[in-house]
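The sequence and structure come next, followed by the notes.

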Amino acid sequence: MAPSFPASGEFLRAIRKSSRDLRIASGISITPEHIKRLLLSPAFVDSFKRVSAQHGLALPLQFSSHVDELNLLAVLSLLNFASGYRVPLHIQTGRGAWDSIRAFVFSLYISSSEGDYLSAKGLRALKAQKIAELMNISLHIEHPHETIPGLTIGELGGPLYELVMHIEAILNETGQILEDGGYPNLGVFVVETLEQSRRQQSSDADVVEFVLEKLVRAFPGFRDMTEVNGQRELFNTHQDVQTTSQLISAIYCFKKALFLIHAISIRFGSISPAPFPIPSTSHIPVFSDNVLPSLLVHLGVIDLSSTPSCAGLFPDSGADENLTSLLGPAPSSVKEASKSKKAPKEGPIVTPDQSYILRAAAIDACELIIETAQTLDVKSLGKENEHLDWIFKITLPDLDMWIWAVAKDRPDYRSLERFVDQNTIYF
């Protein structure tokens, strides 16, 4: 069930507050000691500056204008989901979720002479068969004929059929909204919103607030929010028994909308003069998906052991021998990770409530990591650690990019399980 929108001008605060409230209410522990252990580990120190720059937004395409490029970025952000289909995508295409979606959007752009696929009209009219063709995936599953031996029958179905139907629905819906509003494409809507933000808002934070709210209110594909219904175990000291209390919490993540705003900053922030107002994103919350919480669990920052609904999802996390290895230097050349084409192992399948609880924990964990980094007393760690003063200056988007990219950068990290939720269009 979707909650009400946050109050106007309170969307960023709602993300932070709802995430912390849900994380605490769910019994998820994040301690300063475990955060410092990560920040000072060879795994973090040796790779952060290099890996956090790997944002995955290089676009090897020729654009007719900046608005043309922005339109592609906006559609790419809208479709920045499918993590729950990572394994079947790897099996069919050799690519994971992000690479598959990015390749699909590139194909939409390159093939737009056929139907102007990235326009409002093109999005509204795009159908499953064309989507599957451009993604180079099959929508059919085969099974033996019930009565004729040796005969195999193909019919529509399978996990990638579900993914394609999700993509069709979100593109058709967005295209219809754009057409109804008189916008030729999503990029024009975003540019108009950016122009309005600079005229009506006074600070960088207000600009992001304005753009985020406009995106979320206008398009259901960006409405990454829900009400979580669960139970928390409580110990009743008077009755000496375990009881449960109902937990109903609104949670706001808005991952894809935040990703789009940051992508605008990355792609256009160095252009002078700026083609349109560029939001400053150093302060925005992280773009929580399944990678961030899963990796932060494996790296010992997020502790699920006292969380009734999630405690058994990652049974091997937190073991001392695992943490020693994962927080240590990369065990082999990082090139080995990028060469691997082996399909990853499927992670624990979660409910929508579990998914939002974990994502909320990651949002709050990253806030706490930055708070800890900004107050870290490097001098007290000895002269050999004075070179770590750069940790004071890390930002939330940089931290997000490091977690997301390092998950692919190290072979041992690539093999770590990530939770799976196929019932979402938000990550």
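**Aromatic and cysteine contacts**

F11 is buried, at 0% relative accessibility (buried means under 20% relative accessible area, exposed over 50%, partly exposed in between; 1.4 Å probe, protein chains only). The model is predicted: local features need pLDDT of at least 70 and side-chain atom pairs pLDDT 80 or more, while totals for chains, interfaces and linings use all residues. Residues are numbered from 1 along each chain as its sequence is written, and side-chain values use heavy atoms, without hydrogens and water.

Aromatic pairs
- The count is 16 aromatic pairs, where rings of Phe, Tyr and Trp (its six-membered ring) pair if their centres lie within 6.5 Å; planes under 30 degrees apart are stacked, over 60 edge-to-face, and the rest tilted.
- F11 and F254 are stacked, with 5.6 Å between centres and 25° between planes.
- F11 belongs to helix α1 (residues 11-25) and F254 to the loop between β4 (241-252) and α14 (255-268), 243 residues apart; helices (H or I, at least four residues) and strands (E, at least two) are DSSP runs numbered from the N terminus.
- F254 is also buried, with a relative accessible area of 0%.
- F48 and W402 form a tilted pair, because their centres are 6.4 Å apart and their planes at 40°.
- F44, F48, W390 and W402 make up one aromatic cluster.

Cysteines
- There are 0 disulfides, a disulfide being a pair of cysteine sulfur atoms within 2.5 Å.
- The sulfur of C253 is too far for a bond because the closest cysteine sulfur, in C366, is 12 Å away.
- C310 is buried at 0% relative accessibility.
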